[in-house]
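Me: I'm new to reading protein models. Could you walk me through some features, one at a time?

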Amino acid sequence: MNRPHLVLIAGAGLVGSLLALMLGQRGYHIVVVEKRPDMRRRAMPGGRSINLALAERGIHALRTAGLMEQVEQLLIPMRGRMLHDTAGRLTLLPYGQRPHEVIWSVSRGELNKLMMTAAEDHFDVDILFEQSVEKVDFEKCTATILDHACNKTTTLEFELIIGADGVGSEVRTELIRATDGSCFVELLDHNYRELHIPGGPGGTWQMEREALHIWPRGGYMLIALPNLDGSFTVTLFLPRTGAPSFEQIDEPHELTRFFAEQFTDVNELIPDLEAAYFGNPIGQLGTVRCDRWTCRDAGLIIGDAAHGIVPFHGQGMNSGFEDCSELCRLLDENNEDWSVVLPEFERIRIPNANAIADMALENYVTMRDSVTDLDFQLKKELGFELERRFPDRFIPRYSMVMFHRIPYAEVLRRGRIQQAILDELVDTTPAGQPPDWRLAEQQVRERL
């Protein structure tokens with residue numbers, strides 16, 4: 001079996017829907033099972049991040065799938081981080097230094113609906129809602145499917161099963177068991193809760209529209225992303241325990257005091273703060289790392305099922321979309337021989353998944369704490385200047401992740417070297433004096 005006739009995909013979320021579309025374009029018969037109801041016909045419960053940051057890796061995959069013209073109608077540019085201090089003063093830190101170096105706020109739901117419809121309407125793709133994979137037999141190539149509407153199970157034969165069923169993936173559990181592999185799940189000691197800033201009169205935005213807003217407070221933070229209707233999706237990240245924490249802030253008066261002290265300028269923009277805070281669920285954050293993504297020629301895990309990461313580099317969706325485009329690239333280069341493609345995909349993607357997981361964890365500290373540090377801001381400006389002087393050698397790490405498709409593992413390696421160069425330049429420059437550009441050039445040319 002080098003080219004399967006039927007591919008079963010578990011999960012019709014962002015990654016599963018895009019992969020179904022891209023494989024459908026290549027002539028495969030795709031059956032997708034999705035545990036949730038069809039979001040195009042039934043409203044989804046709140047509390048989960050409704051908009052995400054789309055960057056170059058995700059854009060490339062959508063462009064490859066022929067969807068970008070439609071997706072562009074859903075996007076709002078975010079040109080930098082808008083920092084809010086406790087007094088309400090604003091500071092904009094641009095993400096890049098070129099006009100195109102922006103990231104894009106996009107509705108998770110609208111993007112998901114668009115991809116599901118494109119896959120179903122134009123290709124041999126069937127999406128079965130309120131059904132989920134319960135068990136997988138990789139030797140017999142059968143899956144036990146539970147229909148949640150009638151609470152009955154059926155057995156479905158496949159030639160290839162792909163788990164795109166998120167961080168709680170049942171396909172991953174079965175695959176790891178079948179391969180004697182290992183999977184490590186590390187929960188962050190911080191959780192999150194979603195809040196909401198409504199649009200102003202006539203659907204206007206009550207804060208700067210083209211920015212990702214951050215209220216960095218050291219051990220915790222608040223962020224807000226713009227929506228097309230003038231609203232902002234707001235997410236509060238707090239430790240699980242301690243002070244402050246979700247455990248501590250469990251009464252309305254404590255919530256009111258906390259926001260009045262720490263988030264003065266946004267407090268009045270959230271009219272339903274109490275209802276949203278206590279009504280929306282607390283979400284967990286964690287990292288998933290697996291040493292096996294494939295099983296024989298019959299199984300594959302992808303996206304969050306294979307490498308769930310914390311959201312602080314805006315790369316969860318983008319890395320999952322890159323999985324899809326890289327898998328299809330390997331199919332095109334290897335005459336769609338899955339026996340060659342699957343092990344090669346696993347070999348290439350696991351180190352890159354581990355690298356972006358590490359960088360996402362590091363970026364949480366940057367977002368909630370380091371962005372307000374003058375030394376951090378100095379090195380950011382110095383990095384931009386080195387990029388202007390040596391554009392073929394020095395690219396700031398954030399830019400490599402967000403505006404390029406350099407493999408994540410290479411980004412992590414080069415980023416460490418670049419950070420050492422920046423540290424040395426700052427440490428050897430007297431206060432008020434310009435950096436030693438001859439030393440900078442020597443370091444860049446020798447080490448990069």
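This is a predicted model: local features need pLDDT of at least 70, side-chain atom pairs count only at pLDDT 80 or more; totals for chains, interfaces and linings use all residues.

Me: Now helices. At what angle do the axes of α1 and α4 cross?

Reply: Angles under 35 degrees count as roughly parallel. The axes of α1 (residues 14-25) and α4 (residues 108-122) cross at roughly 25° and come within 8 Å, so α1 is roughly parallel to α4. Their crossing is left-handed.

Me: Which residues make that contact?

Reply: From α1 come Leu14, Ser17, Leu18 and Leu21, and from α4 come Arg108, Leu111, Asn112, Met115, Met116, Ala118 and Ala119. By class, this contact of α1 with α4 has eight nonpolar, two polar and one charged residues. You have met two of these names already: Asn112 and Met116 also line the largest cavity.

Me: How are α12 and α14 arranged, roughly parallel or roughly perpendicular?

Reply: Angles of 65 to 115 degrees count as roughly perpendicular. The axes of α12 and α14 cross at roughly 110° and come within 10 Å; α12 and α14 are therefore roughly perpendicular to each other. This crossing is right-handed. On the α12 side you find Asp375, Leu378, Lys379, Leu382, Gly383 and Leu386, which meet Gln419, Leu422, Asp423, Leu425 and Val426 in α14. That contact has six nonpolar, two polar and three charged residues.

Me: And pockets? What is the volume of the second largest pocket?

Reply: A pocket is an open set of points, unlike a cavity, where the probe cannot get out. The second largest pocket has a volume of about 630 Å³. Its lining has 23 residues, with Thr366, Phe376, Arg397, Tyr398 and Gln419 nearest the centre.

Me: Which helices each supply at least two residues of that lining?

Reply: α11 (338-368), α12 (374-389), α13 (397-403) and α14 (408-427) each do. By class, the lining of the second largest pocket has eight nonpolar, nine polar and six charged residues.

Key. Residues are numbered from 1 along each chain as its sequence is written. Side-chain values use heavy atoms; hydrogens and water are left out. Axes are lines fitted to C-alpha atoms, for helices over the stretch in contact, and angles run from 0 to 180 degrees between N-to-C directions. Helices (H or I, at least four residues) and strands (E, at least two) are DSSP runs, numbered from the N terminus. Angles under 35 degrees count as roughly parallel, over 145 as roughly antiparallel, 65 to 115 as roughly perpendicular and the rest as oblique. A crossing is left-handed if the near helix is turned anticlockwise from the far one by less than a right angle, and right-handed if clockwise. Contact means heavy atoms within 4.5 Å. Ala, Val, Leu, Ile, Met, Phe, Trp, Tyr, Cys and Pro count as nonpolar, Asp, Glu, Lys and Arg as charged, and the others, Gly among them, as polar. On a 1 Å grid over the protein atoms alone, a cavity is a set of points where a 1.4 Å probe fits but cannot get out, and a pocket is an open set with protein on both sides within 12 Å along at least five of seven lines; lining residues have an atom within 4 Å of a point. Grid points are joined across faces, edges and corners, and a volume is the space filled by probe spheres set on the points.
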